[in-house]
Each structure stands twice: as C-alpha cells, then as structure tokens.
Amino acid sequence: VAIFGLGKWFSKKKQKHTTEEEEAKKRPEQDGIEQPIPSTIEECEKYFRGIFQDSSDIVVQIIKTSKERAMIIYVDGLANKDLIDRDIIAPLKSCEFNGDPACALNTYYIEFPDIPPVIQKILQGNTAVFYGSSKKAYVVDFKQWDKRSIETPDSETVVRGPKEGFTESIRTNTALLRRKIRTPKLVIECMTIGRQTNTTVELAYLEGIVNQSVLKELKYRLSKIDTDAILESGYIEQFISENVYSPVTGVGYTQKPDVAAARILEGRVAIFCDGTPFVLTVPELFIENIQTSEDYYTSVLLSTILRLLRVFGIFLSIILPGLAVAIITYQQEMMPWPFLISVISATLKTPWPAGAEIFLLILMFELVKEAGTRLPKAVGSAITIVGSLIIGDAAVSAGIASAPAVIIVALTAVTGFIASTLTKFLLIYRFLFLLLGGTLGLVGIGAGIMILLTQLVSTTSFGIPILSSFSKEEQKDALLRFPMQSMTLRPSSIVKQNRRRGKS
C-alpha cells in the first residue's frame, strides 16, 4: 500500500510538472503573437539587433530617403543582394520617392503588423522593409542561396528511365514533382516543425484519389511532433512511425521524382522535408521493396523475371547462413555424400563451430562494408573489395575459416544488395536465423520463418497491413507484372475512391 501510494504521488507530481512545462511553452508564443512592430526606426533597429544578438550574418541597414528613414533586414547568404539593391534600396533613395514604400517597391510584397511572423520570414531568406512610423513590415521574397544541382541518386540507379533525383532544396523538389504531375488536383500543403530549426515540411497528394483516413492520421501525427530540430526526413519517419522497434517501419522513401509521382498517383501521401533529398511516402506496402521504377519502363517478361530473382535473393540473404549452419551441425544426412565429405574435410582445419565461423565472417564483412561506406567514394570502394578479398583469403589460408563458410557469406552479402531499402530488415533476420539454426537446427529455421511471417502480417502502416496487396487486381502488379493495358484499377488496399485509373 505504501509503495502504491508513493507511486501515485510521484505520478501526480510528474503530471503537474508536465502541465506546467506545457503552459510555459505556450506562454511565449501567445505573448509574441500580440507584439506589434515598433513605431520608429530607432526602436525597430534596437529591437531586431537585440533579437538576433548582433549576429554577423544578419544585415540591418538604415536607408535615408527624401521623406523619412527606412530599414531593411535580411540574412547574408540567403538573400539576393543584387535584387535588394535594384528593387528596394534604389527606389527608396530615388528623388521620385513620394513617401509610400508600397508604391516604391518594384516587386511583390506582403505586409505584416506583428513581429513573430516577420522574424520567421527573415530567417527563411526573405527581406523585411520598415519605413518611418508606419508600424508595418513589407516582406519581399528575394531568396537566393547555394544549392546542389540535380544529379542522379546513387541509391536508385537505373539503366532505363529518368536520371534526375531530388536535392536538398524543398522548392526544387516540389517543382520536379509538378513536372511529373501536371494537374491542379495535386495539393501541396506546407507546415513548420521544430522549435529551433523551424523546418519547412510539405505534404503532396492528389485530391480525390488520396486515402483520406491516411491523410488525416498523418496530419495528426505531424501536429503532435514537439522537438527542437528536424534536420532530415529520418527524424519525421521515427516520429510518425507506429513500428518504432520493427525492422519494417511502414514508411517508404525515395530520391526519384518519378517514383514519388507514381506512388502519389496510387493514393499515397509524399512528405517533403527541407534540407534533404529523401522524400517519405505513406503508407508503404512490403511489396514496394521488391519493385523498382525500371520495372515499368522495360518489357513485361523481363520485369517479372527480375522481380522473382529479387524475391529469391532476399529469401536467400536471410535464410542461407542459418540454414547452412543447421544442416552442417545437425542434419548432415540432408547433404549429398560427396558434398558432405568436402565440407567436413574443409571444416576439420578450423577451430570454430560452423555457427561461430559464419557469424564472425558476417560480422567482419559488415565492419568492412561500414568502413567503405564512411570513407570517400574513390577510396571506400577499393577498400571494400580489396579488404574483403584479402581478409577472406587470409582467413582460409590461416585455417581460421573454411572455404564453404566464405562462399556462403559472400553469396549472402551479394544477395543482400538486391533490396537497398531492406538493409536493416535483412541484417536483423539474418542474425536471428543464424542463432536459431545454430541452436535448434531445422526446427529453429521453421520457428524463424513463423516469427518472420507473424511480424510481417501484424505490421500495419497507418492502419493498412503492409501485406495487404493480395487482391485480384493488385496481383497484376505484385510478384508478376502484367501489361499496362490490364492494370486498370488502383490498389484497393490504399485507394478507397476513384479506383479506376484515368478518373479522379
């Protein structure tokens, strides 16, 4: 009873403390919204210099006009200085200036009577203009900063198809999407997430086709994000995912505009995050990891064969190490006699059991792969290939590992590169099957398959099971790909209205 009472007291105290923190967080925002712009340029200058802590990249420039003084504020490096000089400073200093900054500005502007939105606009790269005692801020969009050009994404290379990929600029990314989907029904909603970073996040979907329940749930989860920083779309993925500890999150991602456009046309929602080339898509079905954009640009027969090869490769990458250990350790009678003699003669020279031997080789390969990934591209690829060859050959020559174990691990590694989006999934279940196969034999492999299937069947993405693509119509674009003429309906597991393609 004492422990129960003490726990109840602590929970009430924690709840009260949390409530006070939430009220404290809300209070500054409410105060800032009601704060008007100072009535004089001197007060404006003093106030904004204090707000920005006299930062060296914040330009606060006082301009003397023929009537009253004016002030402009912008972030050096985020604004176009040439346009500011031509369309703001020059008209204000002109002899023809009549005292009305609205008439003098040779560009489109927005008026703001309060300080907080002006500060956010300045930090986003806009230029703010203050004049005399007008108590208004004229915000002009003269953004300009250095950005990476459109390039081919390394993780989704194709032989046939578009080579362009998303960049770190969110406006460039939405423009690439608009080039693919040229309809006014493409809706792009903007929001800001992150108390300190104020990162721009945009949702893209097709009105009339999108799954409204998924869209509503996504907006709800995004509105509940309360954090200091959103630096990459991976932050958002972790916040909105309902499968935090699952190898499959139910949130897809891509760097290619054509892939994002294709998923939006099937009723999904794309999430753009400023500062990253990776665009999230929800909901994600498991079959999407087997499909590639190039499947739809080549012949039906070739696409179907490649998909079946990917499925076989994924299955082999997961189950091969554990199955090999189970057979070598417990079920040797399942191997042909000549092959069994060869395996036994090779393993006699090694001091490890088969399970420990393959585990160490897989661990060594993952270390070499991680090192090659973090190094520069030219050096990393060479180290990965040379390191794997030298270490594998040296391990066999020294008797630390057997040749069959090296072959098994090499085959597992090669097939693991087939589905780049399933790297985490393959790695976790590869070690799970290795553990079960080394301890329980084929019984453990069977138990692992049941665990794998149970986990996949029970995983949902925004209320939609990730293995729900088994309707008659969806099977035309699953493991097999039918001709384009026969795929007349959108996926029934995602789209609940306007399912016929070509209608919206």
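1. Starting with confidence: this is a predicted model, and its chain averages a pLDDT of 84, with 89% of the residues at 70 or more.

2. Helix H1 (residues 2-33) has the lowest confidence in the chain, with a mean of 42, while strand S9 (residues 269-273) has the highest, at 96. Looking at residues 1-33, the pLDDT there is below 50, and the stretch makes six contacts in the model once near neighbours in sequence are set aside.

3. Now the sheet. Five strands form an open sheet with antiparallel pairing, and reading across you get S1-S2-S4-S5-S3. The edges are held by S1 (58-64) and S3 (109-112), each of which pairs on one side only. On average, neighbouring strands here are turned by 25° against each other, direction ignored.

4. If you want a residue pair to click on, Phe112 has Ala137 in S5 as its bridge partner.

5. Two helices to check against that sheet. Helix H3 (residues 81-93) packs on the sheet and touches S1, S2 (69-75), S4 (127-131) and S5; its direction makes about 170° with that of S2. Helix H5 (residues 115-123) packs on the sheet as well, with S2, S3, S4 and S5 as the strands it touches. The direction of H5 makes about 55° with that of S2.

Methods: Residues are numbered from 1 along each chain as its sequence is written. This is a predicted model: local features need pLDDT of at least 70, side-chain atom pairs count only at pLDDT 80 or more; totals for chains, interfaces and linings use all residues. Side-chain values use heavy atoms; hydrogens and water are left out. Two strands pair if DSSP finds at least two bridges between them. Helices (H or I, at least four residues) and strands (E, at least two) are DSSP runs, numbered from the N terminus. Axes are lines fitted to C-alpha atoms, for helices over the stretch in contact, and angles run from 0 to 180 degrees between N-to-C directions. Contact means heavy atoms within 4.5 Å. pLDDT is the predictor's confidence in each residue, from 0 to 100.
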